Amino acid sequence: METKKWGLWILTTFVIGNMVGGGIFMLPANLAHVASPTGSTLAWLATGLGVFMIALVFGNLAMRKPELKAGPQSYAQNLFPSPKAGKVAGYSMAWGYWAANWAATASVIISFAGYLTTFFPIMQSKKILFSIGNFQLEFGKCLTFIICTIMLWGIQFILSKSFNAAGKLNLTATITKVIGFLLFVIVTVFVFDVANLGNAKAFVDATGNKVGLGGQVNAGAISTLWAFIGIESAVMLSNRAKSQGDVKKATMIGLVISLLIYVGITLLTMGALPQDQLKESQKPLVDALGMVIGHSGTYIMALLALISLFGSTVGWIVVSSEVPYQAAKVGLFPKFFAKTNKSGSPIKSLSITNIMTQVFLFSTISGTVTQAYNFAIVVATLAYLIPYLVSALYQLKLVITGETYDKVKGSRKLDGIITTLAIVYSVWVIKTGTADMKTFFLGIGLFVVGLVFYPFIMRKKFIERDLEKESTTIYPQKSQV
């Protein structure tokens with residue numbers, strides 16, 4: 001049974017829902033540590049422009065190569081003339097992106113549990129259940145782990161019954177969060193104080209050193225990087241789209257709406273709270289809303305966060321399970337991942353993906369919610385950047401060779417400029433975003449582990465391929481005789 005195809009607005013909500021997740025609720029405070037409001041605004045614009053170039057690349061490839069419906073893994077496979085090299089490249093891209101999604105999905109679920117403590121403070125209980133050596137299991141951490149697990153497998157149950165339910169759930173959650181953020185903007189305008197924005201030239205970092213506007217933009221752009229992960233969501237779901245035109249439109253519309261939400265909320269929060277208070281805030285949006293409507297703002301914003309994070313979790317689980325499912329259909333992953341149940345859901349891919357996500361959820365037992373969230377993000381960040389770069393390189397190949405330009409209208413010169421800017425931006429972010437060696441090794445490690453397992457994971461597939469190759473070689477000889 002095939003699932004229904006998704007149209008423009010369902011695809012758009014996947015882009016918005018996956019981009020605007022838990023990060024937005026802490027970004028104003030994070031940015032306040034590295035940049036002034038002016039520097040933050042310029043950082044948003046710089047990052048937004050770079051991601052806009054990447055979005056154009058994704059949109060263009062969706063139109064020029066509609067048959068490549070698995071996103072970066074398809075582009076990596078077709079980047080090389082050698083079929084063998086292409087398969088290895090496609091596999092590594094699928095593996096790296098898939099592995100990054102384990103951590104990304106876990107980070108969103110962990111954030112959900114964090115905001116749930118607003119209504120259930122017992123989740124922060126320090127009561128010791130038992131000890132093993134130096135390890136002590138706190139009741140609050142145990143409860144958090146159980147709730148995260150129930151949420152993960154509850155969504156698995158829903159999607160296994162109807163994969164189409166993902167589109168409806170994400171649409172409802174995204175509409176709710178957009179309306180909620182719009183109301184937040186309207187309310188906080190009344191407490192906006194220009195004086196809180198300060199002087200961009202007088203910004204001082206945590207060490208007491210003055211930081212110029214250029215340095216603020218550089219540091220701020222790195223902080224905003226995580227906010228744009230998910231721009232590729234519509235491309236990754238191309239095989240479920242009604243048309244490739246919808247994929248391109250959904251990517252661009254989703255980016256614009258998400259960017260407006262990010263910039264608007266960041267600036268208004270910075271204008272509502274004094275900089276010193278903002279830097280120390282653990283819940284900046286809640287504090288800003290509290291300036292207007294008091295303590296009840298805590299519960300309103302926490303509820304909005306829960307709805308937002310639930311929708312993001314559904315979206316990330318769908319995109320995560322789609323990666324190995326589509327890879328298996330084109331021979332980049334074992335055929336096992338391409339199996340579906342009676343409802344048309346990729347049940348094997350869905351189950352294995354969530355098992356791996358469950359592994360990351362164990363981090364909630366050993367540390368705080370914040371520590372677990374940061375760990376998950378650190379692991380995922382670099383692994384997403386490489387597929388972005390590879391996609392841009394594939395478009396550059398099309399521009400140079402002129403492939404598809406005789407069939408699909410467009411300017412090679414303009415596409416060349418867009419592609420070059422996308423490549424420059426990707427390389428710049430990889431360079432600045434991996435200044436921390438921990439981030440570098442964990443991110444690169446995801447790809448290295450995948451390549452190490454490649455011969456073992458794909459061994460059966462190689463045997464099947466070789467047998468097929470042998471039979472097709474022998475058959476013509478017999479027919480000639």
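Buried means under 20% relative accessible area. Arginine 240 has a relative accessible area of 5%, so it counts as buried. The model is predicted.

**Salt bridges**

- The count comes to four salt bridges.
- Glutamate 322 pairs with arginine 240, the closest N and O atoms being 2.8 Å apart.
- Aspartate 415 forms a salt bridge with arginine 64, with 3.7 Å between the closest N and O atoms. Here too distant parts of the chain are linked: aspartate 415 belongs to helix H17 and arginine 64 to helix H3, 351 residues apart.
- Aspartate 415 is buried at 9% relative accessible area. Arginine 64 is buried at 5%.
- Glutamate 67 and lysine 65 meet through their side chains in a salt bridge of 3.7 Å, N to O. Glutamate 67 counts as exposed, at 52% relative accessibility. Lysine 65 counts as buried, at 9%.
- A network of salt bridges links Lys65, Glu67 and Glu403.

**Aromatic rings**

- The count comes to 20 aromatic pairs.
- Tryptophan 44 and tyrosine 262 are stacked, 5.0 Å centre to centre, with 15° between the planes. Tryptophan 44 lies in helix H3 (residues 37-64) and tyrosine 262 in helix H10 (residues 244-272), so the pair ties together parts that are 218 residues apart in sequence. Both tryptophan 44 and tyrosine 262 are buried.
- Tryptophan 95 and tryptophan 98 have ring centres 5.9 Å apart and planes at 80°, so this pair is edge-to-face. The cut-off for that class is over 60 degrees.
- Both tryptophan 95 and tryptophan 98 belong to helix H5 (residues 83-116), three residues apart, about one turn of the helix. Tryptophan 95 and tryptophan 98 are both buried.
- One aromatic cluster is formed by Tyr91, Trp95, Trp98, Trp102, Phe333, Phe336, Phe337 and Tyr454.
- Arginine 64, the salt-bridge partner of aspartate 415, also lies over the face of tyrosine 405, at 3.6 Å from the ring centre.

**Helix H1**

- Helix H1 (residues 8-19) has twelve residues. From first C-alpha to last, H1 reaches 17 Å, close to the 16 Å expected at 1.5 Å a residue.
- Eleven of the twelve residues of H1 are buried, so this helix is largely enclosed by the rest of the structure. Among them are Leu8, Ile10, Phe14, Asn18 and Met19.
- The buried residues of H1 pack against helix H7 (165-188), helix H9 (233-236), H10 and helix H13 (296-329).

**Asparagine 354**

- Asparagine 354 lies in helix H14 (residues 347-361).
- Its relative accessible area is 0%, and asparagine 354 is buried.
- Not counting residues up to four places away in sequence, asparagine 354 touches Leu152, Trp153, Gln156 and Ile317.

**Threonine 404**

- Most residues other than glycine have a negative phi.
- Threonine 404 has a positive phi, near 80°, and is not a glycine.
- Threonine 404 is placed in the loop between helix H16 (369-401) and helix H17 (412-433).
- Threonine 404 is buried, with a relative accessible area of 10%.

Technical notes: Residues are numbered from 1 along each chain as its sequence is written. This is a predicted model: local features need pLDDT of at least 70, side-chain atom pairs count only at pLDDT 80 or more; totals for chains, interfaces and linings use all residues. Side-chain values use heavy atoms; hydrogens and water are left out. Rings of Phe, Tyr and Trp (its six-membered ring) pair if their centres lie within 6.5 Å; planes under 30 degrees apart count as stacked, over 60 as edge-to-face and the rest as tilted. Helices (H or I, at least four residues) and strands (E, at least two) are DSSP runs, numbered from the N terminus. Buried means under 20% relative accessible area, exposed over 50%, partly exposed in between (1.4 Å probe, protein chains only). A charge sits over a ring if NZ of Lys or CZ of Arg is within 6 Å of the ring centre and within 35 degrees of the ring normal. The expected span of a helix is 1.5 Å times one less than its number of residues. Contact means heavy atoms within 4.5 Å.
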